[in-house]
Amino acid sequence: MLLLDIRDLTLAFGTGPNAMPAVEGLSLSLSQGETLGLVGESGSGKSITALSIARLLPSPPARYLRGQIRLDGRDVLTATPRSLRELRGGVVSYVFQEPGSSLNPVLRIETQIRETLRQHRPQAADRPEVIRLLERVGIPAPERRCREYPHQLSGGMQQRVMIAMALASRPKLLVADEPTTALDVTIQAQILELLDDLSEEFGMSILLITHNLGLVAQLADRVAIMYAGQIVETGPVPEVLRSPLHPYTRLLLNSVPQLGKDRARLTAIPGSVPSLPNVPPGCRFHPRCPHAQPDCRQIEPVELPAASLNRTVRCPYALTFT
Ligand code: ADP
Ligand code: MG
């Protein structure tokens, strides 16, 4: 059974003529134990998609216009407040980019983790469990660290605390939204390795949100590439990285630095993600696309199966490029 199944999700901010579509016709799925990378430039709608999984977007202004989100067998968009409380933490936990701003600065680490434990596993809300969690996420001297305040920890250690808090409720799905973007490269690698170990140990699924395809290559089984509120390509990581189909994916891959590769050959993608009110007609990517055909300006492409099982692409010309 799928743990997460999003079908045709369409949501907008605001109402009437001022409504701005933020996510359109988005379908994504995730099996138990699987790691899915959701990749795209900043502003493409990744965080909004992530927050909608537990209906965490303030609504209004967010309005769900179409589609369905099923999480652990429950229909999220029609769930009762009680069912939503059970899903949040109990089924899905989040780790965000800025650990410093997600932790409460005036509470000791132990107090914060115990609070999460009290909500989800009250019988385990004691210091030994806090220490076990901190140990599990690789925090040295956890007996001492648990009595400290967030500002006494480095960014990497704060992110480990956030992961410990996310794990405290034993979620089936961990949503990690740019979890390493604010950290040094060496710390990034350690955090990724930790997430990989935890997913294996607990059979936990991970939705890894990032603008960095390199992280996806390291951690994810499958990848979904997002552009201007839509998924433009999905598939198994090795296949997509080896033979990207959508012109946007190709350009994203060319902009990832690789060891031993000629620096001059790194290409930036011209232009930028259109802001919501300015999404162009036809294919949303056509103004930046090196392969755009005349009809790409008028006809909006749909997601089609392509190349192999489990792959889709939102570009009718994808298989004609070499
Ligand atoms: P990403 O995470 O891919 O960088 P986001 O999901 O944060 O992108 O945002 C996608 C778009 O939705 C952005 O253009 C952003 O300005 C817009 N957006 C996000 N939150 C709101 C909001 N509360 N009201 C209006 N627009 C919003
Ligand atoms: Mg984001």
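## Contacts of ligand 1

In this predicted model, a polar backbone atom of Gly43 lies 2.7 Å from an oxygen atom of ligand 1, a polar contact being a pair of N or O atoms within 3.5 Å. A polar side-chain atom of Ser47 is 2.8 Å from an oxygen atom of ligand 1, and a polar backbone atom of Ile48 is 2.9 Å from an oxygen atom of this ligand. On its own, ligand 1 has 570 Å² of accessible area (Shrake-Rupley method, 1.4 Å probe), and the protein covers 64% of that area.

The residues around ligand 1, those with a heavy atom within 4 Å of it, are Phe13, Glu41, Ser42, Gly43, Ser44, Gly45, Lys46, Ser47, Ile48 and Leu276. Helix α1 (residues 46-52) gives the most to this shell, with three residues; helices are DSSP runs of H or I with at least four residues, strands are runs of E with at least two, and both are numbered from the N terminus. By class, the shell has three nonpolar, five polar and two charged residues, where Ala, Val, Leu, Ile, Met, Phe, Trp, Tyr, Cys and Pro count as nonpolar, Asp, Glu, Lys and Arg as charged, and the others, Gly among them, as polar.

## The largest pocket

The largest pocket holds about 470 Å³ of space. A pocket here is an open set of points on a 1 Å grid over the protein atoms alone, where a 1.4 Å probe fits and protein lies on both sides within 12 Å along at least five of seven lines, and its lining residues have an atom within 4 Å of a point. Of the 19 lining residues, Gly89, Ser93, Tyr94, Thr116 and His120 are the closest to its centre.

Helix α4 (109-120) gives the most to this lining, with five residues, while β6 (92-95) and α7 (155-168) each supply at least two. Domain 1 (2-91 + 175-257 + 267-275) and domain 2 (102-170) each contribute at least three residues to the lining, with bounds taken from an automatic or database domain assignment.

## The second largest pocket

The second largest pocket has a volume of about 240 Å³, and of its 15 lining residues the closest to its centre are Ser27, Leu28, Ser29, Arg222 and Thr234. Strand β1 (2-13) provides the largest share of this lining, four residues, and the lining as a whole has six nonpolar, five polar and four charged residues.

## Basis of the values

Residues are numbered from 1 along each chain as its sequence is written, with chains lettered from A and ligands numbered from 1 in the order in which they are written. Local features need pLDDT of at least 70 and side-chain atom pairs count only at pLDDT 80 or more, whereas totals for chains, interfaces and linings use all residues, and side-chain values use heavy atoms, with hydrogens and water left out.

Notes: Grid points are joined across faces, edges and corners, and a volume is the space filled by probe spheres set on the points. A polar contact is a pair of N or O atoms within 3.5 Å; within protein, one must be able to donate a hydrogen and the other to accept it, and residues adjacent in sequence count only if both atoms are side-chain atoms.
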